[in-house]
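Subject: Structure handover

Hi there,

Here is the structure I promised to pass on to you.

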Amino acid sequence: APETQSTLQQLEPLAASDSPLDGVGLDVWRVLTEGLTRSLQMHFEYRKIAQEEPMLRRVDPWGLFSVSGGWYLQGWDHDRGEARNFRLSRIQQVRLTSIRASRPEGDQVQEHLFHRFDIGAGEVHELGLECDGMLRNWLCESPLHPSQRPVPGGVSVRVRNLELFLDHLLALPGLRRLHPPEMHQLLLERLAQRSRQLCGEISKP
């Protein structure tokens, strides 16, 4: 794909240098870029943040992208049966197969996989935002996420990075309630935590 080739060309000098890209060894980096260039399915060991032992993943690679200095592999996870983003620094023992990788047409998947509220390997959370009229109108003009849909009294979204999304909601005036109820309670707990942190900073000499 043209966008993949463009990314690889831009990063080629980094891959050839002695400094690893985002903590990734050059051997891993070279296999990843070869798999993208040749559109081949790859197998690798992947360790999530809270996971001690890595797990085998079978992935059809689609592209590379960077967020806040970290690099990610975008692709179809055959073991999870859905599109996923993988942090390059957590990939180990990658090897290519002879299986041709499938790829979505156009921008069917790219638009939401590159979003900051989807970075990570967490499960998808479907949330409903109950808003006042002003906030709802603003969200309709400036959606929080490509998955956003209008619902009675607000909007709904589907995101993976729940913590980052909840932190963003704390800054939205006009948010009345978050659904389901357990998510609203989690939002209140994060608000209380932020308040305690702020009070601690203010009380410092």
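Below is what I found, going from the whole chain to single residues.

Please keep in mind that this is a predicted model.

**The chain as a whole**

The chain has six helices and nine strands. It runs to 205 residues, and 39% of them count as buried. If you take the contacts between residues at least 6 apart in sequence, 60% of these join residues at least 24 apart. The accessible surface comes to about 11,700 Å², with carbon and sulfur atoms holding 51% of that.

As a reminder, nonpolar side chains tend to be buried together in soluble globular proteins. Here the largest nonpolar core has 18 residues, and those with the most contacts inside it are L127, L129, L139, L144, F165, L169 and L178. Two or more residues each come from β6 (125-131), α4 (133-141), β8 (154-159), α5 (162-169) and α6. Of these, α5 gives the most, with four residues.

Apart from its neighbours within four places in sequence, L178 is in contact with L127, G128, L129, L166, L169, M183, H184 and L187.

There is also a second, separate core of 16 residues, which includes V28, M42, F44 and V94. Leaving out residues up to four places away in sequence, M42 touches V31, L32, G35, R57, R58, V59, P61, L73, V94, R95 and L96. D60 lies 18 residues from M42 along the chain, yet the C-alpha atoms of the two are separated by 6.5 Å.

**Aromatic pairs**

How many aromatic pairs are there? The count comes to five. One of them is Y46 with F86, an edge-to-face pair with 5.0 Å from centre to centre and 85° between the planes. Y46 belongs to strand β1 and F86 to strand β4 (residues 82-87), so this pair ties together parts that are 40 residues apart in sequence. Y46 and F86 are both buried.

Another pair is W62 with W76: the ring centres are 6.5 Å apart and the planes stand at 35°, so this pair is tilted. Since W62 lies in strand β2 (residues 55-67) and W76 in strand β3 (residues 70-77), the pair ties together parts that are 14 residues apart in sequence. The two tryptophans are covered as follows: W62 is buried, at 5% relative accessibility, whereas W76 is partly exposed, with a relative accessible area of 31%.

Ring pairs also link F44, Y46 and F86 into a cluster.

**Cysteines**

How many disulfides does a search of the whole structure find? It finds zero. The closest cysteine sulfur to that of C131 is in C140, at 8.7 Å, which is too far for a bond. A disulfide would need the two sulfur atoms within 2.5 Å. C131 counts as buried, at 5% relative accessibility, while C140 is partly exposed, with a relative accessible area of 43%.

**Backbone details to check**

- The peptide bond from H179 to P180 is cis, with omega near 5°. P180 is placed in the loop between β9 (175-179) and α6 (181-203).
- S39 is not a glycine, but has a positive phi of about 55°. This serine is found in the loop between α2 (26-38) and β1 (40-46), and is partly exposed, with a relative accessible area of 22%.
- Q93 is not a glycine either, and has a positive phi of about 50°. Q93 lies within strand β5 (residues 91-100) and counts as exposed, at 63% relative accessibility.

Best wishes

Definitions and conventions: Residues are numbered from 1 along each chain as its sequence is written. This is a predicted model: local features need pLDDT of at least 70, side-chain atom pairs count only at pLDDT 80 or more; totals for chains, interfaces and linings use all residues. Side-chain values use heavy atoms; hydrogens and water are left out. Buried means under 20% relative accessible area, exposed over 50%, partly exposed in between (1.4 Å probe, protein chains only). Rings of Phe, Tyr and Trp (its six-membered ring) pair if their centres lie within 6.5 Å; planes under 30 degrees apart count as stacked, over 60 as edge-to-face and the rest as tilted. A nonpolar core is a set of buried Ala, Val, Leu, Ile, Met, Phe, Trp, Tyr and Cys residues joined through side-chain atoms within 4.5 Å. Contact means heavy atoms within 4.5 Å. Accessible areas come from the Shrake-Rupley method with a 1.4 Å probe; for residues, only the protein chains shown count as cover.
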